[in-house]
Amino acid sequence: MSQPPNNPTTSNESESLQGAPFTLEENLAAAATAEVDAYATLSNEVSELKSKNADLADQFLRAKAEAENARRRAEDEISKARKFAVESFAESLLPVADSLEAGLDIAEASREQLREGSEATLKQLKSALERHKVLEIAPAAGTRFDPHQHQAISVVPAEQEANTVVAVLQKGYLIADRVLRPALVTVAAPK
């Protein structure tokens with residue numbers, strides 16, 4: 001029997017198919033394909049990141065505009081609240097002004113009529129102040145001196161306990177639990 005002649009091409013192909021090393025061209029082609037795949041993957045990631053960045057920038061601008069709009073609305077509301085608070089207070093004082101003018105229009109008013117008119121007008125004024133939470137500070141004699149609501153004008157000897165109110169020289173006023181004006185008082189001196 002005779003053997004077939006050795007074919008060098010056939011033996012190289014069989015070696016390469018059986019795990020022999022790739023040729024330089026094959027290695028370069030594989031590396032180029034891997035680089036193209038990596039580049040495509042990175043390009044896709046960059047595109048996705050650019051898209052996310054654009055979305056976040058849009059969301060940021062919208063949030064910033066909304067915050068600015070909310071700030072403007074709040075300023076407008078505060079301005080309106082101040083305006084209408086003063087308007088409401090002024091409106092409650094109009095009857096007081098009307099009463100004073102009506103009293104002055106009476107040319108020949110008796111002393112009793114003037115007194116009655118003045119008392120009625122004072123009652124209207126106090127009512128208007130109370131409606132707007134402006135309350136009197138008028139401590140009774142013997143009340144403990146409170147430096148947060150009272151201002152001592154003088155310390156006088158008295159038969160009552162020390163550091164208590166002897167007399168009120170001028171009433172004070174609170175507005176919504178804050179001192180608008182302290183009451184001016186004299187205080188009993190220590191014995």
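This is a predicted model: local features need pLDDT of at least 70, side-chain atom pairs count only at pLDDT 80 or more; totals for chains, interfaces and linings use all residues.
Biologist: What share of the residues is buried?

Modeller: A residue is called buried when its relative accessible area is under 20%. By that cut-off, 10% of the 191 residues of the protein chain are buried. The chain exposes about 15,500 Å², with 57% of that area coming from carbon and sulfur atoms.

Biologist: And how do I read contacts along the sequence? What percentage join residues at least 24 apart?

Modeller: Take the contacts in the protein chain between residues at least 6 apart in sequence; 61% of them join residues at least 24 apart.

Biologist: Which residues of α3 are buried?

Modeller: Thr121, Ala128 and Leu129 are buried in α3. They cover an arc of only 95° around the axis, and therefore lie on the same side of α3. These buried residues pack against α2 (24–105) and β1 (134–137). The other side of α3 carries exposed residues: Glu112, Arg115, Glu116, Lys123, Glu130 and Arg131. After α3 comes lysine 133, with a positive phi near 60°.

Biologist: Which residues make up the largest nonpolar core?

Modeller: For a core, look for buried nonpolar residues joined through their side-chain atoms. The largest one here has 6 residues, namely Ile137, Val165, Leu174, Ala183, Val185 and Val187. Strand β6 (residues 183–188) gives the most to this core, with 3 residues. As for valine 165, its contacts beyond four places in sequence include Pro139, Phe145, His150, Val185 and Thr186.

Biologist: Threonine 186 turns up there. Is threonine 186 buried or exposed?

Modeller: Threonine 186 sits in strand β6 and counts as buried because its relative accessibility is 10%. Beyond four places in sequence, threonine 186 touches Ser154, Val156, Thr164, Val165, Val166, Ala167 and Leu169.

Biologist: Where is threonine 164 found?

Modeller: Threonine 164 is in the loop between β2 (150–156) and β3 (165–170). A polar atom of its side chain lies 2.6 Å from the backbone oxygen of glutamate 161. Among the contacts of threonine 164 beyond four places in sequence are Gly142, Phe145, Thr186 and Val187.

Biologist: Finally, which loop holds alanine 176, and what is its phi?

Modeller: Alanine 176 lies in the loop between β4 (172–175) and β5 (178–181). Its phi is positive, near 50°, and alanine 176 is a residue other than glycine. Aspartate 177 is in the loop between β4 and β5 too, and has a positive phi of about 65° without being a glycine. For exposure, the cut-off is over 50% relative accessible area. Alanine 176 is at 53% relative accessibility, so it counts as exposed. Aspartate 177 is at 74%, so it counts as exposed as well.

Key. Residues are numbered from 1 along each chain as its sequence is written. Side-chain values use heavy atoms; hydrogens and water are left out. Buried means under 20% relative accessible area, exposed over 50%, partly exposed in between (1.4 Å probe, protein chains only). Contact means heavy atoms within 4.5 Å. Accessible areas come from the Shrake-Rupley method with a 1.4 Å probe; for residues, only the protein chains shown count as cover. Helices (H or I, at least four residues) and strands (E, at least two) are DSSP runs, numbered from the N terminus. The arc is that of the directions from the helix axis to the C-beta atoms. A nonpolar core is a set of buried Ala, Val, Leu, Ile, Met, Phe, Trp, Tyr and Cys residues joined through side-chain atoms within 4.5 Å. A polar contact is a pair of N or O atoms within 3.5 Å; within protein, one must be able to donate a hydrogen and the other to accept it, and residues adjacent in sequence count only if both atoms are side-chain atoms.
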